[in-house]
Amino acid sequence: MKKHNFSAGPSILPRQVFEQAAAGVLDLSGSGLSILEISHRSNAFEEILDSTKQLVRSLLKLSDSYHVLFLSGGASSQFFMVPMNLLNPPETACYIDSGAWSLKAIKEAGHFGKISVLASSKDRQYAYIPKKYTVPDMATYLHITSNNTISGTQYHQWPESKPVLVADMSSDIFSRPLDIKPFGLIYAGAQKNMGPAGTTLVIIRDDLLGRVSREIPTMLNYQTHVSKNSMFNTPPVFPIYVTMLNLQWLHKQGGLEAAGRRNQEKARIIYDEVDRNSMFLGLADAEDRSLMNATFVLKDSALESDFLEACSAAGCEGVKGHRSIGGIRASIYNAMGKESVSVLADVMKEFEQKFG
Ligand code: PMP
């Protein structure tokens with residue numbers, strides 16, 4: 001039976017990327033060697049790293065003032081690397097608390113300077129994106145989480161801010177067109193729309209390098225990785241290779257404009273059904289709904305396990321909500337086809353016919 005993978009991450013990648021990645025494990029481009037055994041200093045890998053960087057640059061239309069890094073340590077390591085590299089006491093960094101991942105970023109930033117949390121949507125279980133606040137001109141940066149993977153909310157308009165924006169885009173990078181101008185730094189774990197788990201993309205504007213006076217351990221200093229082209233130490237070779245294959249696929253599909261249109265269409269299918277169907281209730285405010293992670297609950301929570309069983313019987317995997325909030329979460333990243341989303345919507349319709 002065909003499986004439809006709605007997992008929040010690691011998550012679905014295109015079938016063709018799995019096939020190419022598998023081929024590269026056995027024999028990289030006819031070299032007789034596996035991608036897993038070649039030196040990261042080989043020409044073959046340098047070409048892979050270069051073309052992955054170029055794909056990031058061209059998809060996001062980055063100017064020369066931005067550097068593209070592939071690091072390890074997950075997005076979670078960026079929670080502390082960002083303030084460690086950017087925040088110089090007695091400066092203040094501002095944060096918006098839009099969910100569990102924002103909170104983790106806020107906690108880590110507190111180790112490096114003064115943090116001001118300008119707004120939070122905790123009062124309504126993170127069902128919306130906070131909007132009413134003013135960013136002090138003197139702040140060093142404003143940190144936001146562009147897509148809240150757990151609660152299913154997403155920024156559809158960037159905050160007005162004179163200080164530069166820093167964004168955790170782990171779960172929506174490459175899912176829609178992006179105007180890079182307001183951003184000084186963007187980071188994203190690979191394991192949603194980019195590639196497999198194991199590398200973290202960091203995009204940093206040149207003027208933000210070397211701005212703090214504290215001593216930074218070599219591996220945690222962005223300047224190290226900029227000056228060594230992400231090759232100070234052995235980079236995550238295989239995740240970068242698969243990221244290249246995936247971004248090539250995305251480019252061939254028409255880039256971010258086309259991806260944005262497809263993602264809108266898919267999200268509409270699922271949210272239309274949530275709103276129409278008498279058995280379900282959406283968790284996020286309509287205007288802030290995520291195009292990547294649709295979260296909803298059964299009005300009668302006693303029926304949740306029956307619904308999960310119905311999903312499983314139809315091949316829909318990974319729809320159980322995050323353990324911290326429960327309910328249902330359908331993650332519909334770039335590689336998920338419209339047909340798969342329709343399968344889930346049909347399961348919901350049939351469920352209503354049976355139990356409604
Ligand atoms: N930020 C967001 C928005 C996420 O969704 C996640 C993981 N799902 C993280 C940060 C943490 O990423 P990692 O596991 O790569 O550290």
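This is a predicted model: local features need pLDDT of at least 70, side-chain atom pairs count only at pLDDT 80 or more; totals for chains, interfaces and linings use all residues.
The chain contains nine helices and 14 strands. Its radius of gyration is 21 Å, and a compact globule of 356 residues would have a value near 21 Å, so the chain agrees with that expectation. Along the principal axes, the C-alpha atoms occupy a box of roughly 65 × 55 × 30 Å. Of the 356 residues, 56% count as buried. The accessible surface amounts to about 15,500 Å², and carbon and sulfur atoms supply 52% of that area. Among contacts with a separation of 6 or more, 67% are between residues 24 or more positions apart.

Two domains make up the division of the chain: domain 1 covers residues 15–252 and domain 2 covers residues 254–355. In the contact between these domains, 29 residues come from domain 1 and 27 residues from domain 2. The C-alpha centres of the two domains are 27 Å apart.

Most peptide bonds are trans, and most residues other than glycine have a negative phi. Two cis peptide bonds are described here, beginning with the bond that joins Gly-9 and Pro-10, where omega is about -5°. Pro-10 belongs to the loop between β1 (4–5) and α1 (15–26). The bond from Pro-89 to Pro-90 is also cis, with omega near 10°. Pro-90 is located in the loop between α3 (74–86) and β3 (92–97).

Positive phi values occur at Phe-174, where phi is near 65°, and at Ser-230, where phi is near 60°. Phe-174 sits in the loop between β8 (164–168) and β9 (183–189). Its relative accessible area is 1%, under the 20% limit, and Phe-174 is therefore buried. Ser-230 is part of the loop between α5 (222–227) and α6 (237–252). Ser-230 also counts as buried, because its relative accessibility is 2%.

Met-138 provides an example of an exposed loop residue. This residue is placed in the loop between β4 (114–120) and β5 (141–145). Met-138 counts as exposed because its relative accessibility is 77%, which is over the 50% limit. Along the chain, Met-138 and Phe-307 are 169 residues apart, and their C-alpha atoms are separated by 50 Å.

Methods:
Residues are numbered from 1 along each chain as its sequence is written. Side-chain values use heavy atoms; hydrogens and water are left out. Helices (H or I, at least four residues) and strands (E, at least two) are DSSP runs, numbered from the N terminus. The radius of gyration is taken over C-alpha atoms; the globule rule is 2.2 Å times the number of residues to the power 0.38. Buried means under 20% relative accessible area, exposed over 50%, partly exposed in between (1.4 Å probe, protein chains only). Contact means heavy atoms within 4.5 Å. Accessible areas come from the Shrake-Rupley method with a 1.4 Å probe; for residues, only the protein chains shown count as cover. Domain bounds come from an automatic or database domain assignment.
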